Amino acid sequence: SEDVLSKDAGECAICLEELQQGDTIARLPCLCIYHKGQVFLRVDMKFQKVTFMGCIDEWFEVNRSCPEHPSD
C-alpha cells in the first residue's frame with residue numbers, strides 16, 4: 001500500500017538512499033518499506049554513464065516479491 005513516511009526509517013534496500021520523513025513509500029505485506037514513485041539519478045563515473053533508477057515501482061516491473069524476502 002502507498003503511504004507517507006512519518007519518521008526517518010534507515011536505508012531503502014533498492015536504491016540505498018535514506019528513507020526520510022515525508023517520503024512517499026510502499027509498505028509491503030511483510031511490512032518492508034521502499035520509496036514509491038520516486039526516481040533517483042545514478043552517475044557511474046568509471047563508465048561515464050548516467051541512469052535513472054526507480055525503486056519499488058521499477059522492481060515490480062520484473063519481480064513479484066519483496067527484495068528482502070523473495071520466498072514470501
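Guide: Let's start with the largest nonpolar core, which has 13 residues, and there Cys12, Leu19 and Tyr34 touch the most other members. A nonpolar core here is a set of buried Ala, Val, Leu, Ile, Met, Phe, Trp, Tyr and Cys residues joined through side-chain atoms within 4.5 Å, and buried means under 20% relative accessible area with a 1.4 Å probe, counting protein chains only. β2 and β3 (33-35) are the elements that give two or more residues to this core; strands are DSSP runs of E, at least two residues, numbered from the N terminus. Keep in mind that this is a predicted model, where local features need pLDDT of at least 70, side-chain atom pairs count only at pLDDT 80 or more, and totals for chains, interfaces and linings use all residues. Residues are numbered from 1 along each chain as its sequence is written, and side-chain values use heavy atoms, with hydrogens and water left out.

Now zoom in on Tyr34. Leaving aside neighbours within four places in sequence, Tyr34 is in contact (heavy atoms within 4.5 Å) with residues including Cys12, Leu19, Ile25, Ile56 and Cys66.

Next, hop over to Asp23, in the loop between β1 (2-4) and β2 (24-27). Asp23 is buried yet has no salt bridge, meaning a side-chain nitrogen of Lys or Arg within 4 Å of a carboxyl oxygen of Asp or Glu. Its nearest side chain of opposite charge, Arg27, is 12 Å away. Still, a polar atom of the Asp23 side chain lies 2.8 Å from the backbone nitrogen of Gln20.

How values were computed
Helices (H or I, at least four residues) and strands (E, at least two) are DSSP runs, numbered from the N terminus. Buried means under 20% relative accessible area, exposed over 50%, partly exposed in between (1.4 Å probe, protein chains only). Lys and Arg count as positive and Asp and Glu as negative; His and the chain ends are not counted. A polar contact is a pair of N or O atoms within 3.5 Å; within protein, one must be able to donate a hydrogen and the other to accept it, and residues adjacent in sequence count only if both atoms are side-chain atoms.
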